[in-house]
Amino acid sequence: MPRYEFTEGSSSKFWEITLEGTTLTKRWGRIGTDGQEKTEDFESKVEAKKAYAAQVKEKEKKGYALVAGSADGGGAAVVSATDPALEAAILAAPDDVKGYLAYAAWLKGKGDPRAELIQLQHDTLEASAASATLMRKRAAKYIAEHADSLLGDELTEAIAGEALKLEWHLGFIREAHLGQVDFDSNEDIPDLLGVLLAHPSARFLRSLTIGMACFDGENEYHDTLKALGKAKPLTTLRHLFIGDFEYPDDTEISWTHVGDLQPLYGVFPGLRELRVRGGEIELGKIDLPELRAFTVETGGLPLKAVKSIVKAHWPKLEALEIWFGSENYGAGGGVKDLQPLLDGEGVPNLRKLGLRNAEFTDALCAVLPNAKVVARLQELDLSMGMMTDEGAEALASNAKAFQHLKTLDVSNNFLTQAGQKRVATAAPSVVRGNQREPYDEDSRYVAVGE
């Protein structure tokens with residue numbers, strides 16, 4: 001247990017604190033006595049660590065000094081030197097190395113090891129290809145040697161257990177991937193996520209990928225989304241992927257429960273790419289003015305989510321990919337519900353459109369030739385659905401509407417050889433392979449349902 005003492009004038013006091021899980025234990029009193037003891041319990045490790053760091057900082061402000069040789073009882077409660085003005089400069093121009101170098105100079109004066117890491121990684125960027133490889137190894141070694149101050153115990157342990165993988169850039173975590181590895185994993189992903197997002201090293205995080213939240217039972221992200229929604233707004237995050245798992249090897253898509261994503265939009269206002277994989281997806285009122293690409297991969301997209309997509313505020317969106325799925329697994333909606341999107345409403349910059357894994361692909365083929373949004377597109381993807389030769393004929397008969405496309409993808413549907421040959425005339429480049437054969441006329445199905 002770390003021990004702090006304060007001796008001045010007639011005062012001769014001690015204060016001790018330790019953190020175990022979600023419990024803080026403190027003992028204080030006059031030096032030479034046993035003093036008093038008190039414990040505090042918190043709802044999460046993240047809240048406990050914050051309380052630990054705050055209380056230590058408060059005591060240090062009052063003049064208490066850590067007794068040499070006393071053990072660190074706070075584990076991963078890392079306290080790093082910060083300068084709001086220098087951080088603001090980086091946030092304003094996150095790709096400008098000058099801001100990081102200015103921060104490094106300031107951190108060096110504080111004795112913070114991050115200063116040397118920033119300089120080392122900057123030198124790596126400036127080095128030749130041959131030298132850069134060696135310097136990257138030096139940086140990795142430096143991070144490992146200073147893991148206590150750069151990461152803390154919990155993140156370091158998660159890396160050792162492969163539940164957390166990080167990419168660093170100019171002294172800070174640039175990309176993070178976290179998730180359970182296999183059925184033997186016991187990592188608490190929501191708690192680990194909370195620790196990561198609150199950590200000083202993740203101040204300028206650009207990319208976040210979340211894999212399996214749980215192998216034991218059904219894979220659900222409700223608590224993970226709560227951790228994201230409670231995070232301090234992070235304007236630097238550009239890429240977010242929820243549901244990085246292999247199906248059906250890790251789990252089925254329908255066994256994965258995503259939950260409500262709406263609280264995330266205000267926390268990560270600078271998102272450029274959002275990708276979600278799983279079932280039971282709630283999108284709410286989408287307001288992502290900087291988003292360029294949105295992908296939802298599911299075996300059953302509910303009607304409510306379809307309506308969220310067509311009403312979304314994302315004026316800069318360039319790529320939209322929707323997997324609709326099977327009605328048996330909760331899919332709802334159809335061509336009529338997509339009409340605002342087909343009319344091009346709210347997506348003036350859309351260039352890639354994927355209407356995939358749909359039971360109503362033939363119905364889409366009938367209306368797409370007259371859809372206003374098609375004229376803006378460079379790529380149109382109708383794969384993985386239930387298209388038949390009837391849909392292929394509708395596209396080919398209206399080939400003039402698709403001649404500007406760079407790619408038209410109708411693969412993994414139910415086209416016969418004749419249907420594939422016919423649809424090949426619909427656009428200059430048509431992807432039409434990997435077709436499925438139904439057992440009978442009533443046994444067609446989307447590529448991904450369960």
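Angles under 35 degrees count as roughly parallel, over 145 as roughly antiparallel, 65 to 115 as roughly perpendicular and the rest as oblique. The exercises below concern a predicted model, in which local features need pLDDT of at least 70 and side-chain atom pairs count only at pLDDT 80 or more, while totals for chains, interfaces and linings use all residues. Residues are numbered from 1 along each chain as its sequence is written, and side-chain values use heavy atoms, with hydrogens and water left out.

**Exercise 1. Describe how helix H8 packs with helix H9.**

Step 1. Helices (H or I, at least four residues) and strands (E, at least two) are DSSP runs, numbered from the N terminus; H8 covers residues 189-198 and H9 covers residues 222-230.

Step 2. Axes are lines fitted to C-alpha atoms, for helices over the stretch in contact, and angles run from 0 to 180 degrees between N-to-C directions. For this pair the angle is about 15°, and the axes lie 8 Å apart. H8 and H9 are therefore roughly parallel to each other.

Step 3. The crossing of H8 and H9 is right-handed (a crossing is left-handed if the near helix is turned anticlockwise from the far one by less than a right angle, and right-handed if clockwise).

Step 4. Contact, meaning heavy atoms within 4.5 Å, is made by Ile189, Pro190, Leu193 and Leu197 on the H8 side, and by Asp223, Thr224, Ala227 and Leu228 on the H9 side. These residues divide into 6 nonpolar, 1 polar and 1 charged, where Ala, Val, Leu, Ile, Met, Phe, Trp, Tyr, Cys and Pro count as nonpolar, Asp, Glu, Lys and Arg as charged, and the others, Gly among them, as polar.

**Exercise 2. Describe how helix H4 packs with helix H5.**

Step 1. The axes of H4 (residues 114-126) and H5 (residues 129-145) come within 9 Å and cross at roughly 165°, and that makes H4 roughly antiparallel to H5.

Step 2. H4 passes H5 in a left-handed crossing. Among the residues that make the contact are Leu117 and Leu120 of H4, together with Met135 and Tyr142 of H5; by class, the contact has 7 nonpolar, 2 polar and 4 charged residues.

**Exercise 3. Trace the pairing of strand E3 with E4.**

Step 1. An open sheet of 5 strands has the order E4-E3-E2-E1-E5, with antiparallel pairing, and its edge strands are E4 (36-41) and E5 (65-66).

Step 2. E3 (residues 23-30) is joined to E4 by 6 bridges, and the two run antiparallel; Trp28 stands opposite Gln36 in E4.

Step 3. E3 and E4 form a hairpin with 5 residues between them, and Gly32 in the turn has a positive phi of about 100°.

**Exercise 4. Follow the pairing of strand E10 with E8 and with E12.**

Step 1. E8 (residues 207-210) pairs with E10 (residues 239-242) in the parallel sense over 4 bridges, and Ser207 stands opposite His239 in E10.

Step 2. E10 is also joined by 4 bridges to E12 (residues 273-277), with the two running parallel; the bridge partner of Phe241 in E12 is Arg275.

Technical notes:
Pairing = 2+ DSSP bridges.
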